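This briefing goes through a structure chain by chain. It is meant to be read next to the sequence and the coordinates.

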Amino acid sequence: MFSNFDFDVIRRSLPYLFLDGMTFTLTLTALSAVGGLVFGTALALMRLSGFKLLGRIAGLYVDLMRSLPLVLVIFWFYFLVPYIGQWLTGASRPIRVGAFTSSLVTFIMFEAAYFSEIMRAGIQSISKGQPAAASALGLTYSQSMRYIVLPQAFRNMLPVLLTQTIVLFQDTSLVYVLSIPDFLGAASKVAQRDGRLVEMYLFAAAVYFVISSLASYGVRRLQARIAIVR
Amino acid sequence: MIEISHVNKWYGPTFQVLKDCTTSIAKGEVVVVCGPSGSGKSTLIKCVNALEPFQEGQIVLDGIKVNDPKTDLPKLRARVGMVFQHFELFPHLRIIDNLCLAQEKVLGRSHAEAMAKGEKLLKRVGLTVHANKYPAELSGGQQQRVAIARALAMDPIAMLFDEPTSALDPEMISEVLDVMVDLAREGMTMMVVTHEMGFARKVAHRVIFMDTGEIVEDAQKDDFFGSPRSERAQQFLSKILSH
């Protein structure tokens, strides 16, 4: 049945697929996850702060990001970031932003909305007695957040955060709309160049499947371990 | 040391939890606060270090007004130790780190200094061997002793205990009370919300009895146990002492 297929195309393009494509995908995933977590935690703190206006702004932002299709946001940022850069730096013309930077900014902004909800749930899962004990010892609000509440919230939410990162790993493939050679983009390029669409897309699917499944398995193991420690 | 005068507190517009509470605790004095649940005793003790806000009246702690918006609350709280009903150790930190964190971050002690102090206090509560464990690995009684050590590590001028033995299994209560009795005998100023009348008899100077948000009785220990003036306190005492 596979006699018409040429699976050797995969072997020939392996270095390009992994050294260029997968490296890009993993770098984008890792940086977006870290950036999204930091920004998302800031959003969560805004929403939980006593300042109504801050909370409202963060809430609006999260709702906005969560109601837009990711592809649209990717496009939107790609065309908008140069103008925002121009406005921020006061340059005379839109600044040039590489596709990587643009997509990184997009994913950080987008993922922050999801991470913020996860962190918000994590912070709310910490009993009120913990910040009270921290305050009673003389820690300020920010010290109490930094040393007591956030570390626990992060630890409690780690499995969910990692699961969301696996989703992010798959979502990064959407940067193909900017013609960026991420893993899927690289596979797609080879596929079209050599006319081997079926082989390459099958292979790409298999790679995403294997990596995501392994990662999910790792998260389940981790979850079991955390459950024991608690 | 602690001056509580005419404190009124409401939850929401109508529910009054503290009604015109006035009392004071002198340096070196041990005062036990008792009363039925819902009488406002925990709320009152939490007002002392401003963990709970109140709407009227004032509390002065070592000359500093607690409910003054200009008061540096973290700094003030650092000088008063507090022990909670549910221990509230930090579960993600080892025991010794529970003792060191605030010393370093709040008092600015060096790690070595904080460690030395922490180890000394762990020894005092008899838990040196557990220094590197996590709170969840200790029994309730041990956790509460760590919590007391954690508060003492800040060299407090007074200690507040909010039902320190209520969440403990009966056989663990005495190990915690022993630490508190020692502390009282050393002359620590203490405000203790508890139902442990044995502790009150042993070391308290005064007993305050609260009911429905009011201080019903505020008497020297012997007067309180001998002949409480209010009927409500008499009833309460006969109930908890009869078994």
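The points below cover the helices of chain A, then the strands of chain B, and end with one lysine of chain B.

The model is predicted. Chain A has 8 helices and 0 strands. In chain B, the strands discussed here include an open antiparallel sheet in the order S2-S1-S4-S5, and parallel pairings such as that of S7(B) with S8(B).

**Chain A: overall build**

- From the N terminus on, the elements of chain A read α-α-α-α-α-α-α-α.
- Taken along the principal axes, the C-alpha atoms of chain A fill a box of roughly 75 × 55 × 25 Å.
- Chain A has 230 residues, and 44% of them count as buried.

**Chain A: packing of helix H1**

- Helix H1 of chain A spans residues 8–48 and packs with helix H4 of chain A, residues 99–124. The angle between H1(A) and H4(A) is about 45°, and their axes are 5 Å apart.
- The crossing of H1(A) past H4(A) is right-handed. Sorted by class, the contact of H1(A) with H4(A) has 20 nonpolar, 9 polar and 3 charged residues.
- H1(A) also crosses helix H6 of chain A, residues 141–171, at roughly 140°. The axes of H1(A) and H6(A) come within 11 Å.
- Angles count as roughly antiparallel when they are over 145 degrees, and H1(A) and H6(A) are therefore oblique to each other. H1(A) passes H6(A) in a right-handed crossing.

**Chain B: the antiparallel sheet**

- The open sheet of chain B has 4 strands, in the order S2-S1-S4-S5, with antiparallel pairing.
- Its edge strands are S2 (15–25) and S5 (64–65) of chain B, each of which pairs on one side only.
- Strand S1 of chain B, residues 2–11, is joined to strand S4 of chain B, residues 56–61, by 5 bridges, and the two run antiparallel.
- Within this pairing, Glu3(B) stands opposite Val60(B) in S4(B).

- Strand S7 of chain B covers residues 158–162 and is mostly covered, with 5 of its 5 residues buried.
- Ala158(B), Leu160(B) and Asp162(B) point one way from S7(B). Met159(B) and Phe161(B) point the other way, and all of these are buried.
- In a regular strand, side chains alternate between the two faces of the sheet.
- S7(B) pairs in the parallel sense with strand S6 of chain B, residues 80–83, over 4 bridges. Val83(B) stands opposite Phe161(B) in S7(B).
- S7(B) also pairs in the parallel sense with strand S8 of chain B, residues 189–193, over 5 bridges.
- The bridge partner of Ala158(B) in S8(B) is Thr189(B), while Met159(B) stands opposite Met190(B) in S8(B).
- S7(B), helix H6 of chain B (residues 170–185) and S8(B) together make a right-handed β-α-β unit.

- Strand S3 of chain B, residues 30–34, pairs with S8(B) in the parallel sense over 4 bridges.
- Met190(B) in S8(B) is the bridge partner of Val30(B), and Met190(B) also has Met159(B) opposite.

**Chain B: Lys123**

- Lys123(B) lies in helix H4 of chain B, residues 111–124.
- Residues count as exposed when their relative accessible area is over 50%; Lys123(B), with 64%, is therefore exposed.
- Pro135(B) is 12 residues from Lys123(B) in sequence. In space, Lys123(B) and Pro135(B) are 16 Å apart, C-alpha to C-alpha.

Key: Residues numbered from 1 in each chain as written. Chains lettered and ligands numbered in written order. Predicted model: local features only at pLDDT ≥ 70, side-chain atom pairs only at ≥ 80, totals over all residues. Heavy atoms only, no water. Axes fitted to C-alpha atoms, helices over the stretch in contact; angles between N-to-C directions. Left-handed = near helix turned anticlockwise from the far one by under 90°. Nonpolar A, V, L, I, M, F, W, Y, C, P; charged D, E, K, R; others polar. Buried < 20%, exposed > 50% of the residue type's maximum accessible area, 1.4 Å probe, protein only. Pairing = 2+ DSSP bridges. Right-handed = clockwise from strand over helix to strand, strands pointing away. Parallel < 35°, antiparallel > 145°, perpendicular 65-115°, else oblique.
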